[in-house]
Amino acid sequence: MRSAVHASFGEPADVIGPADSPMPQPGPGEVRVRMILAPVHNHDLWTIRGQYGWKPALPAIGGSEACGVIDALGEGAEGLRVGQRINTAAGRGTWAEYFLTPAGMATPLPDAITDEVAAQLIAMPLSALMLLEFLDVQPGQWIVQNAANGAVGKTLAMLAAARGVKVLSLVRRDAGVDELAAVGVDNVVSCARADWRDAARALLGKGRARAAVDSVGGQASADLASLLGDEGVLVSFGSMSGEPMQIPSGDMIFRHLVVKGFWGSKVGREMGADDRRRLVGELLQRAAQGELRLPVDAVYPLEEAAQAMAASLRPGRGGKVLLRA
């Protein structure tokens with residue numbers, strides 16, 4: 001079968017390429033899926049670099065999420081049927097014509113959800129929804145987040161708004177304000193403005209934010225800490241800058257701030273089945289009703305995986321980059 005493979009760790013556009021791989025056979029409790037569309041996520045890129053929380057054996061087919069149609073059932077794979085369209089974010093090697101996934105992690109999809117939305121429905125949106133619950137912010141309270149025009153940032157703002165939670169979204173470029181407005185996200189401030197801190201504080205009001213999500217690190221962590229109120233929680237979600245978090249001790253001491261880390265894979269593994277079904281059900285409902293919008297920037301065939309990697313790293317994308325079988 002056709003696939004996109006890397007035989008070494010390195011920059012994704014340099015090491016990924018088309019290959020002919022063996023057809024996988026489903027084991028007990030697994031299903032085989034014929035891929036329709038598969039997204040290029042940031043964690044996929046970090047995995048190819050060899051810098052994520054786990055390293056695949058090489059050579060490895062890339063990808064971790066996809067929308068597809070069940071092609072074969074392994075022994076004991078119950079509750080699913082051949083021909084059913086599903087999403088999974090628990091697959092390994094989804095950048096291929098066929099891949100395997102545990103039956104329990106296959107989510108059947110209603111017809112109201114398009115393939116483009118279905119392909120990216122679980123990994124980032126479920127992380128955003130788990131993060132929203134992890135923050136424990138009540139309706140009417142504020143969350144502030146940086147790198148807000150990324151996939152999780154956009155989704156977090158949409159899902160929080162649907163629950164009555166207010167979100168202040170910080171972006172690095174003025175154009176980011178329009179990008180978020182295009183998907184219905186408001187309360188966005190560009191850090192390119194000289195007075196952005198004043199604008200952010202004016203939106204938050206006297207009580208400031210209850211929680212902050214840091215995807216950047218470095219000085220950006222200090223900027224978020226300055227926007228938190230007493231007993232506020234700063235959550236490290238990513239480190240785009242590659243720098244250690246810088247948090248003034250005065251902010252920590254005098255306002256009793258709390259700093260936590262959040263890794264969606266760990267939280268997901270520890271989550272009970274009932275809670276996961278509840279959250280996935282919310283995502284399906286909001287996507288079907290148009291409350292959760294997941295735009296696509298471009299779609300590439302598997303043979304052009306290297307170009308897709310480069311496109312996914314381009315600033316100012318209008319949405320997710322997808323691969324098609």
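What you have is a predicted model, in which local features need pLDDT of at least 70 and side-chain atom pairs count only at pLDDT 80 or more, while totals for chains, interfaces and linings use all residues. Residues are numbered from 1 along each chain as its sequence is written, and side-chain values use heavy atoms, with hydrogens and water left out.

Let's start with the whole thing. The chain has 12 helices and 16 strands; these are DSSP runs numbered from the N terminus, with helices (H or I) of at least four residues and strands (E) of at least two. Its C-alpha trace spans about 60 × 40 × 35 Å along the principal axes. Buried residues account for 51% of the 325 in the chain, where buried means under 20% relative accessible area with a 1.4 Å probe, counting protein chains only. Take the contacts between residues at least 6 apart in sequence: 68% of them join residues at least 24 apart, a contact being heavy atoms within 4.5 Å.

Now go inside. The largest nonpolar core has 47 residues, and Leu121, Leu135, Ile143 and Leu283 have the most contacts inside it. Such a core is a set of buried Ala, Val, Leu, Ile, Met, Phe, Trp, Tyr and Cys residues joined through side-chain atoms within 4.5 Å. Elements giving two or more residues to this core include helix H4 (123-135), helix H5 (151-162), strand E13 (228-236) and helix H11 (273-288). H4 gives the most, with 9 residues. There is also a second, separate core of 27 residues, with Ile16, Met35, Ala38 and Ala77 among them.

Leaving aside residues up to four places away in sequence, Leu135 touches Ile143, Ala211, Val213 and Val235. Just after H4, Asp136 takes a positive phi of about 55°.

Finally, find the open sheet of 3 strands, ordered E2-E1-E4 with antiparallel pairing. Strands count as paired if DSSP finds at least two bridges between them. The edges are E2 (16-20) and E4 (60-61), each pairing on one side only. Strand E1 (residues 2-6) is joined to E2 by 5 bridges, and Ser3 has Ala19 in E2 as its bridge partner.

Terms used
Buried < 20%, exposed > 50% of the residue type's maximum accessible area, 1.4 Å probe, protein only.
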